[in-house]
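The entries follow in the order I looked things up.

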Amino acid sequence: MPHSEEAGLAGVTGDRHADPERLDGPQEASNRPGGALWALAAAGPQLREVAHFAAEAGLGVLAQEGRPRAVVVAGVGTAARTGDILQTVAGPRCPVPVMAHRSAGIPGWVGAADVVLAVSASGRSPEALAAAEAAARRGARLVAIGAPDSPLQSLAERARAVFVPVPRTAPARMSLWGLTVPVLLAARELGLVRLAEADIAETARRLDEDAERCRGEADSFVNPAKELAMNLAGTIPVVWGGSPLAGVAARRFGDMLAANSRYPVIAGELGEAGRGRVGLLDGVFGSLTRQSNDIFADPLEGDEQPTRLRIVLFRDDGLEGDDSVPLPDSRRADAVEKLAEERGIHCDVFKAEGGCSLERLASLIAFPDFTSVYLALAHNLDPMSVPAVSDMKDHIHSGSRQ
Ligand SMILES: O=P(O)(O)OC[C@H]1O[C@](O)(CO)[C@@H](O)[C@@H]1O
């Protein structure tokens, strides 16, 4: 039964049960300009467009002052994920520390020897604005990335900092690639990442191809995003990445499943999860759900099937012959597949593909992004509007006015 306003939650809609029939057909509303599928399908074009803007923005000045002491990527939500992406693309051999800073301002140690990349899709988040202001005050090299004609752009102009415009056509989470590419290109100017033009072109091509595979008109049996959405329906997804790169993709999937599909998700890197969190496989949503498989139980008396965990494992076996990054240790990913099998927990495995780390990351992010939208649509949710986020902002504002 659709959720209603009886509960006092105006704007909250949706159906507890995921109906696969809602995924049949072309998904007209979502495909329209401004719709969720339209926004995700624009990832490749957006990456190319913003790469072009970044080239025009004058990032080259960063190279003139040489390598910084540290790079801080400041922002929240999707903007902060760009910092995680920079960390993984720069890799463990990056000569300077790179950190994603997710709260207002910048760490106390940041000074003139450092670079701050302030990222905000809207150009308005208080965290990114405070970071840009503090960076300018302390004499750090500043690059601001976000919506044109925004407070962030004005602040960058006042500070005589480089500003890379990222046109705003959709919510921040749908603009991951547009926000990411200037961050990576700034780091390339600083000599921290190797990213050839061909890598950018190949990544954009992969985003285009995945958008084509996952388009609304493609039915579930040929559409990996619809298939995964229905596999996850009614479960508690546990998304683990078998390498640092795959871990970033896992956390991104967690962001998208929570915001678009409103699913609780456990997401992270297996290296860490393997030391503790795998314990949940033996809990009430894991192996203990088997206890409810009582063959003598009266189906009329019993409740619905218990909610179960479902593992999504992103594997990244690295690139043979690339000695810039140590090959990931695949034993943990093998082990978690085995643990899942022993406990009767479904585990969907996806492998990174592509010839550079950015493309490999895209291969683990693009189709799961679509999955989060299809899972929302199957529940009759609007993936583009997240009432809890707007309500939270309202509560905070009314709290600060009191
Ligand atoms: O990138 P922005 O516009 O600074 O927004 C930061 C975050 O805030 C949100 O808009 C939620 O308030 C997220 O969707 C977003 O990632």
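Which elements each supply at least two residues of the lining of the largest cavity? I found α2 (36–41), α8 (176–189) and α14. Helices here are DSSP runs (H or I, at least four residues) and strands are E runs of at least two, numbered from the N terminus.

Note on the source: this is a predicted model, in which local features need pLDDT of at least 70 and side-chain atom pairs count only at pLDDT 80 or more, while totals for chains, interfaces and linings use all residues. Residues are numbered from 1 along each chain as its sequence is written, and side-chain values use heavy atoms, with hydrogens and water left out.

Cavity. I looked for cavities of 30 Å³ or more and found one. On a 1 Å grid over the protein atoms alone, a cavity is a set of points where a 1.4 Å probe fits but cannot get out; a pocket is an open set with protein on both sides within 12 Å along at least five of seven lines; lining residues have an atom within 4 Å of a point. The largest cavity holds about 90 Å³ of space, the volume being that filled by probe spheres set on the points, which are joined across faces, edges and corners. Its lining has 13 residues, with L40, A43, W177, L207 and D369 nearest the centre. α14 gives the largest share, three residues. By class I noted nine nonpolar, one polar and three charged (nonpolar: Ala, Val, Leu, Ile, Met, Phe, Trp, Tyr, Cys and Pro; charged: Asp, Glu, Lys and Arg; polar: the others, Gly among them).

The largest pocket contains about 1000 Å³ of space. I counted 30 lining residues, and V76, G77, A172, V389 and K393 lie nearest its centre. Two or more residues each come from α5 (78–90), β3 (115–120), α6 (126–138), α11 and α15 (387–401). α15 gives the most, seven residues. The lining splits into 15 nonpolar, eight polar and seven charged residues.

Helix pair. I then looked up α11 (residues 244–261) against α14 (residues 357–378): the angle is about 20 degrees and the axes are 9 Å apart. Axes are lines fitted to C-alpha atoms, for helices over the stretch in contact, and angles run from 0 to 180 degrees between N-to-C directions. α11 and α14 are therefore roughly parallel (under 35 degrees). The contact divides into 14 nonpolar, five polar and three charged residues.

How values were computed. Parallel < 35°, antiparallel > 145°, perpendicular 65-115°, else oblique.
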